[in-house]
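Open the model in your viewer and keep the selection tool at hand. Each stop below names what to select next.

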Amino acid sequence: MAREVAAKKGVFCLETDQWYRQKDRSSMEPALQLVELYCGTRYEHRDVATTREFEFFLRKYLVPGYENFPILYLGFHGWYAEDGADAYVEIRDGTRVTLIDLEKWIGGQCRGRLIYFGACGVMNTHGNRLNRFVRDTGAVAVAGYREEVDWLEAAAFDVLALGRLQDAAFTKSSIRKFNRELRDTAKGLYDRLGFRLILKD
């Protein structure tokens, strides 16, 4: 059944340009196209191969003009430090971008935006560290996965999550409702992927 939903919350996606091997074609862009088709949601997708490109595109996103793209989706390999003190995403050239790096680049300019890590393990970081990340970036919330995830399952879950976010006001109560409804709708994937959402204090 078709939906008539006006474009609301655009998605700005930064993604490593080769996930697994030279000829790999895995990409979140078809999933973003599906959300756009169903919800009328605009998106911008950028391939990232180096740390310099990552910083460049992120800073571009933060300048005036992207207020209608309040969802920042980061699609990379990722993991967390064993002591839970930090996490990182990995770019194709093998370099790592940590939460500390992101805080430095963002500099509190993500007010009114939600940061979504489409990356393994990042959200297994200690809660205090994630709370500090939300506070220091200025974001409304940060979301992503605790577990090492299957790419296809995560992509399917992301489609549902990004679509449902279109109906959520970026307030604490509305984001909490979104999270509850997402868990109720897709509990199996929610639990298996270890989806976690941290709201700004």
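This is a predicted model: local features need pLDDT of at least 70, side-chain atom pairs count only at pLDDT 80 or more; totals for chains, interfaces and linings use all residues.

Residues are numbered from 1 along each chain as its sequence is written, and side-chain values use heavy atoms, with hydrogens and water left out.

**Surface charge**

Select Arg 111, Lys 172, Arg 176, Lys 177, Arg 180, Arg 183 and Lys 200. They gather in a patch of positive charge on the surface. Like charges are joined within 9 Å.

Now pick out Lys 200. Lys 200 sits in the segment after strand E9 (195-199); strands are DSSP runs of E, at least two residues, and helices are runs of H or I, at least four. Lys 200 is partly exposed, at 37% relative accessible area. Buried means under 20%, exposed over 50%, partly exposed in between (1.4 Å probe, protein chains only).

**Cysteines**

Where are the disulfides (cysteine sulfur pairs within 2.5 Å)? A search of the whole structure finds zero. Select Cys 39: the nearest cysteine sulfur, that of Cys 13, is 16 Å away. Cys 39 is buried, at 3% relative accessibility. Go to Cys 110: the nearest cysteine sulfur, again that of Cys 13, is 14 Å away. Cys 110 is buried, at 0%.

**Helix H5**

Select residues 151-165, helix H5, and find Leu 162 there. Leu 162 is buried, at 1% relative accessibility. Leu 162 and Thr 16 are 146 residues apart in sequence and 19 Å apart in space, C-alpha to C-alpha.

Terms used. Patches are made of residues with over 30% relative accessible area and no salt bridge: like charges are joined within 9 Å, nonpolar side chains (Val, Leu, Ile, Met, Phe, Trp, Tyr) within 5 Å. Accessible areas come from the Shrake-Rupley method with a 1.4 Å probe; for residues, only the protein chains shown count as cover. A salt bridge is a side-chain nitrogen of Lys or Arg within 4 Å of a carboxyl oxygen of Asp or Glu. Lys and Arg count as positive and Asp and Glu as negative; His and the chain ends are not counted. The place of a charge is taken as NZ of Lys, CZ of Arg, CG of Asp or CD of Glu. A disulfide is a pair of cysteine sulfur atoms within 2.5 Å.
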